[in-house]
Amino acid sequence: MAATASPKKPFRWHILVFLAPAVLVYTAIMILPLAGTLQLSLFRNIEQSQTFVGLQNFRTLFGDPNWSAGFWNALRNNVWFFIVHMLVQNPIGILLAALLSSPRLRFSTFYRTAIFVPTVLSFVVVGFAWKLILSPLWGVAPNLLDLIGLKSLFTPWLGKEAYALTTLALISVWQFVGIPMMLIYAALLSIPDEVIEAAECDGVTGWSQFWKIKLPLILPAIGIISVLTFVGNFNAFDLIYSAQGALAGPNYSTDILGTFLYRAFFGFQLQVGNPNMGAAIATMMFLIILAGVCIYLFLIQTRLRRYQF
């Protein structure tokens, strides 16, 4: 008796219909500009025409002292900007999430809202507001420190090369600490009640329960937050520009890859814009971010999967 052939599954056209708008929008605003940037970095304006020069723009970026000094300075500042966020923003976000997830804490909803509100503020508003607050002439910071007897500690933090970048990084931490807080808070709420009850039956409570039980279970969420922090910091531009301008003063001490790219591409004051060199810098930013994400996906994420449910 011949076996009956299984009916052929119909092609699900509705999947393409629903995915098509998102794919078209993503291609238009992400893929095509990225391809255009990569193409522009391989050309150079010679005698009023774009001429293919291969990797010559990258050789100029790393070999010409006028370009390489600015690039390495911006890269070092960007790395420090990221380190401050990793060492300050994310640990504080984890601590706040642990405190707000406690069922004994009153007004936790109000605290979550108050901490998250700065996240929705504009970069321009935050930059100008903190620039006014920290101003030694009309800022409120000297008076506030004077009220508690610490006015001697005040210094124009945004005006000194040694402190300006760290100050801006801490301002960025203040603005965005609500994001890791909310993501970790959601991860803590997703832990099954059976796990918590079993820990309590074994006598593991309080902070001991957080360090021994909850923290290992939210490591995948912490890894994702670290990647988002890395990508966001190496794409940073707005806060530095609004607080310190395109020159990222004082003396380029707050210059990061975003502001360096802006000056190279569009030009500023006496510096003439060079779109081809700007595209080369943007390509290097893309490669740095791509390398960081790949390291996380292939070296870290695979080790964290065993903690997932």
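Entry 1: I picked out Glu 197, which has its place in helix H9, residues 193–201. Is Glu 197 buried, exposed or partly exposed? I looked up its relative accessibility and found 49%, so Glu 197 counts as partly exposed. The cut-off for exposed is over 50%.

**Entry 2: confidence.** I note that this is a predicted model. I checked the pLDDT next. The chain averages 89. I also read that 95% of the residues score at least 70. Which element has the lowest mean pLDDT, and which the highest? Strand E4, residues 271–272, has the lowest, at 82. Helix H7, residues 164–176, has the highest, at 96. I keep one caution in mind: where pLDDT is low, the predicted coordinates should not be read in detail.

**Entry 3: salt bridges.** How many salt bridges does a search of the whole structure find? I got one. Its partners are Asp 255 and Arg 263. Their closest N and O atoms are 2.7 Å apart. I then looked up the burial of both partners. Asp 255 is buried, and Arg 263 is buried too.

**Entry 4: helix H13.** I moved on to Leu 257. I found this residue in helix H13, which spans residues 257–266. Its relative accessibility is 0%, so Leu 257 counts as buried. The cut-off for buried is under 20%. I also took a distance from Leu 257 to Ile 94. The two are 163 residues apart in sequence. In space, their C-alpha atoms are 28 Å apart.

**Entry 5: a cis peptide bond.** I looked at the backbone between Gly 249 and Pro 250. The peptide bond from Gly 249 to Pro 250 is cis. Its omega is near -5°. Where does Pro 250 have its place? I traced Pro 250 to the loop between helix H12, residues 238–244, and H13.

**Entry 6: positive phi.** I ended with the loop between strand E1 (43–46) and strand E2 (49–52), where I found Glu 47. Glu 47 is not a glycine, yet its phi is positive, about 55°. I turned to Gln 48, which lies in the loop between E1 and E2. Gln 48 also has a positive phi, near 65°, and is a residue other than glycine. Are these residues buried or exposed? Glu 47 has 76% relative accessibility, so I put it down as exposed. For Gln 48 I read 76%, so Gln 48 counts as exposed.

Note on methods. Residues numbered from 1 in each chain as written. Predicted model: local features only at pLDDT ≥ 70, side-chain atom pairs only at ≥ 80, totals over all residues. Heavy atoms only, no water. pLDDT = per-residue confidence, 0-100. Helix = DSSP H or I, 4+ residues; strand = E, 2+ residues; numbered from the N terminus. Salt bridge = Lys/Arg side-chain N within 4 Å of Asp/Glu carboxyl O. Buried < 20%, exposed > 50% of the residue type's maximum accessible area, 1.4 Å probe, protein only.
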